[in-house]
Amino acid sequence: MTSQALPFLENLNPSILPCLYSAVASLSQTRQAHAYILKAGLLSNTHFSTKLVSQYANRRCFAQADLVLRSISDPSISSFSTLIYALNKSNLSIQSLSVFSRMLSHGVLPDSHVLPNVVKACGKLSALKFGREIHGFVCKFGFHSDSVVQASLVHLYLKSDRIRDARNLFERLPEGDVVTCGALLSAYARKGCVNEAKEIFSGMQRLGVEPNLVSWNGMITGFNQSGNHIEAVIMFQEMHSKGFQPDHITISSVLSAVGDMESALMDMFGKCACAEELMKAFEETDEEVMDVGARNALITALSRNGLVDVALEIFERFRVQGRELNVVSWTSMIAGCSQNGKDIEALELFREMQSAGVKPNSVTIPCLLPACGNIAALIHGKAAHGFSLRTGIVTDVHVGSALVDMYSKCGRIHLSRLCFDSIPNKNSVCWNAIMGGYAMHGKAKEAIDIFHLMQRKGHKPDFISYSCVLSACSQGGLTEQGWHFFNSMYEDHGIEAKMEHYSCMVNLLGRSGKLEEAYAMIKQMPFEPHACVWGALLSSCRLHNNISLGEIAARNLFELEPNNPGNYILLSNIYASKAMWDEVDAVRDAMRSRGMKKNPGCSWIEIKNQVHMLLAGDKSNPQMAEIIEKLHKLSLEMKKAGYLPNTNWVLQDVDEQDKEQILCGHSEKLAVAFGLLNTPPGTPLQIIKNLRICAIFYQAACSLILVLVPIICTATPLRQEGTFMLNTKEIPLELLCPDYALP
C-alpha cells in the first residue's frame with residue numbers, strides 16, 4: 001500500500017476499507033466508497049482507484065469503471081487487466097481490445113495474465129489480423145515459453161479455421177493441457193481428418209494428459225458432424241469400454257451418428273450391434289441428465305434402424321416419467337411409425353399428441369399423412385388437411401405435397417389435383433407427387449401431360465420425375481412412349497439412368513409381354529441389377545407364366561434376397577399355373593427348410609373413423625360368421641347374374657369345390673363384406689391391401705360393375721397395387737379397366 005494513502009487511512013471511515021476488498025459489497029457501498037475517496041482527494045491513488053475499478057467492473061458498471069481508470073494518472077497493469085478481464089467475461093470483446101490499446105499507449109506492457117484474455121477477445125471477434133499482431137508481441141517479449149499464453153493462441157487459430165497454424169503452435173507447447181488437446185482433436189474431427197484427430201488423441205498420454213469426457217465428446221461430435229458416422233460410433237464404443245459414463249452430449253451425438261448410418265453399415269457391426277451397445281449405454285445413463293435433444297436423437301436413431309418397437313417403448317417410458325417431450329419428440333415418433341409399417345400407431349400418436357397439448361407443425365403433418373395413405377385412412381387424412389387449413393400451414397410446399405400423395409393413395413385423385421393446384425410455389429416434389437398419383441391410378445395420359453407442363457413452367461425434371469412418368473407408361477402399356485422417355489433422360493437433361501428407371505422399363509416390357517426384350521435389357525445394364533429389377537422380371541413371368549425366364553429371375557433373387565418368401569411364392573405360382581406340382585413342392589420345401597412362411601394377405605378398411613384390419617384365414621373377427629354368410633350370398637347373386645369364379649387362379653392341387661371355398665377367404669373379400677355389413681347403403685368403401693390385389697377379386701369386382709349395380713353396389717378398380725374402392729355412384733362401362741391392367 002502506498003505511503004501517500006497512510007495519513008488518510010488513519011481518518012478513514014471503518015466501513016469503507018472492507019468494502020473495497022469485499023467480493024460481496026453492494027453497488028451502493030461501492031459508490032459510497034467512491035465518494036469518500038473523491039472527498040479525500042485520493043482518486044489518483046493507483047491502489048484505491050484500481051480497487052474501485054474492480055468493484056464497478058464486477059457489477060458490470062463498465063462506464064463507471066472506465067471513468068475511474070481514466071482518472072488514474074499513473075495506472076498499473078493491474079488497473080487495466082481488471083477491466084479487460086471483466087469486459088471479456090461479459091463478451092464485450094471490442095471494448096476489451098479498446099482498453100488493451102489504451103494500455104499500450106500508456107506504455108504499460110501486458111503480462112501473462114492480460115495476454116490470454118486479449119487473445120480470447122480476438123478469437124470471439126474472428127479478428128485474426130489483430131491476433132497475429134498479439135502473436136508477434138508474444139514472441140518479441142519472450143512469452144513463447146508460457147503455456148497459458150501459447151494455448152490461448154492455439155484456440156485463436158482454431159476459431160479462425162487455421163488448423164495448421166494451431167498445430168504448429170501446439171507442437172511447441174512446453175506442456176500440454178486437456179482443454180487445448182481437446183480443442184485441437186475436436187477441430188480435426190469436425191473437418192473429417194480422422195488420422196490427425198486420432199494422432200492427437202493417442203499423443204495426449206505422451207504429454208502427460210489424460211483424456212476426459214470433454215475430449216471423448218469432442219471426437220464423437222466432430223466425427224458425427226463431418227459425416228464419419230462409423231468413426232463416431234467406434235469412438236463411443238471405445239469410450240464406453242474404458243469406463244467413461246456418457247452424458248447428454250455423448251448420447252445426442254452418437255444417436256445421431258447411428259441414425260444416419262445406412263443398414264449396410266449396421267451389418268458391419270453385427271446386425272444392430274451398435275444399437276445394442278447404444279441401448280446398454282442408455283440404460284446406464286442417468287436419465288435426469290438427458291436433455292430433450294438427446295431423447296429425440298435416441299428415438300430417431302432407433303426408428304431409423306428398424307427398432308421402432310423399442311423406440312415406442314422408450315417414448316412411452318419418457319411420457320410416464322414426465323420427461324420433457326416437445327413437438328420434435330412427437331414428430332420423430334410419428335415419422336418412425338409411419339416409415340416402419342406402424343401406420344395405425346402413427347395415427348394414434350397424432351391424436352395423443354394433440355391431447356397432450358403439443359401443437360403439430362409443418363413437419364408433423366407430412367410425417368403423418370403417409371400413414372393415412374398407406375392404410376386408406378381418408379377420414380384421418382382429411383382431419384389433418386383441416387388442421388393444416390386452420391393453422392395456415394397448408395401453403396407449405398411439404399405439407400401440400402404430402403396431401404397430394406395422401407389423397408392419391410386414398411383413391412381421391414381429383415382431390416389430389418385440387419391440392420396440387422392450390423400450392424402457390426411448387427417445387428419438384430409437388431410435381432412428382434401429382435405425377436406419381438396419376439401413374440398410380442393408371443392415368444398415363446394425365447401423368448405425361450403433367451410431365452410436359454412441369455417443363456413449360458420452368459421446372460427441370462429430376463430422376464424421380466422420370467421414375468413417375470416411366471411408371472405411368474408401364475401402367476398404361478405405353479411401350480413406345482416409355483422408350484422415348486427413357487432415352488430422353490440423358491439426351492435432354494443429362495440424367496444417367498438409375499436402378500429404378502431400369503426396373504420401370506423391365507416392368508413395362510415384361511407386362512406388355514416382351515419378356516425376352518426385358519431380359520436383354522437387364523443383361524445390358526451398366527451395373528449389376530438389384531432385386532427390384534429381377535423382381536419386376538419375375539412378376540412379369542408370373543403374369544405370362546414364363547417358366548424359363550422366371551427361373552433365371554428367381555435364382556438371382558434367391559441370392560440377393562435369401563430371406564424374402566415372396567420370391568419363392570412367385571416361382572411356386574408359375575410352376576402351379578403349369579400344374580408342375582413336384583416343382584411346387586420342391587420350392588415350398590426349400591422355404592420350410594429356411595424357416596420362411598408366406599406373408600398373409602392383409603386388408604384395411606376405414607369405417608366410422610376407425611381403421612379395421614382383416615387377415616386372410618383369420619377367424620378372430622367377432623363378425624366372421626356374418627362375413628362368411630354375406631360372401632356366400634354375394635357369390636350366389638353373382639352366379640345368378642352369370643359370373644363364375646376363375647378357379648385357375650387357385651394354385652393348389654385341390655378339387656374345384658375346395659378352390660371356390662379358398663377364394664372366399666381372401667382378405668380383400670372379407671373387407672368388402674365387413675364394410676357392407678357395417679355401413680348404410682350408399683356409403684363408399686375403400687380397401688387397402690398389403691399385397692397386390694388378386695386377379696380373382698379384380699375380375700369379380702368388374703363383374704359387380706357390369707351386372708350388380710341395381711342389386712348391390714358399383715366398383716371402381718384403381719390401378720394402384722393393393723387398392724380398391726367400392727362406390728355407390730353409377731359408373732359408365734368405358735371406365736372399366738382394360739385387360740392389360742389386370743394384376
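Here are the stops, with what to select at each one.

This is a predicted model, in which local features need pLDDT of at least 70, side-chain atom pairs count only at pLDDT 80 or more, and totals for chains, interfaces and linings use all residues. Residues are numbered from 1 along each chain as its sequence is written, and side-chain values use heavy atoms, with hydrogens and water left out.

Searching the whole structure turns up nine aromatic pairs (Phe, Tyr or six-membered Trp rings with centres within 6.5 Å; planes under 30 degrees apart are stacked, over 60 edge-to-face, the rest tilted).

Select Y502 and F527 to start. Their ring centres are 5.6 Å apart and the planes sit at 90°, so this pair is edge-to-face. Y502 is in helix α31 (residues 499–511), while F527 is in the loop between α32 (515–523) and α33 (531–544), so the pair ties together parts 25 residues apart in sequence. Helices here are DSSP runs of H or I, at least four residues, numbered from the N terminus.

Y502 is buried at 11% relative accessible area, and F527 is partly exposed at 29% (buried is under 20%, exposed over 50%, partly exposed in between, with a 1.4 Å probe and protein chains only).

Next, pick F558 and Y568: a stacked pair, 4.1 Å centre to centre with 15° between the planes. F558 belongs to helix α34 and Y568 to helix α35.

Last stop: K426, over the face of F420 at 5.1 Å from the ring centre (NZ of Lys or CZ of Arg within 6 Å of the centre and within 35 degrees of the ring normal).

Terms used:
Helix = DSSP H or I, 4+ residues; strand = E, 2+ residues; numbered from the N terminus.
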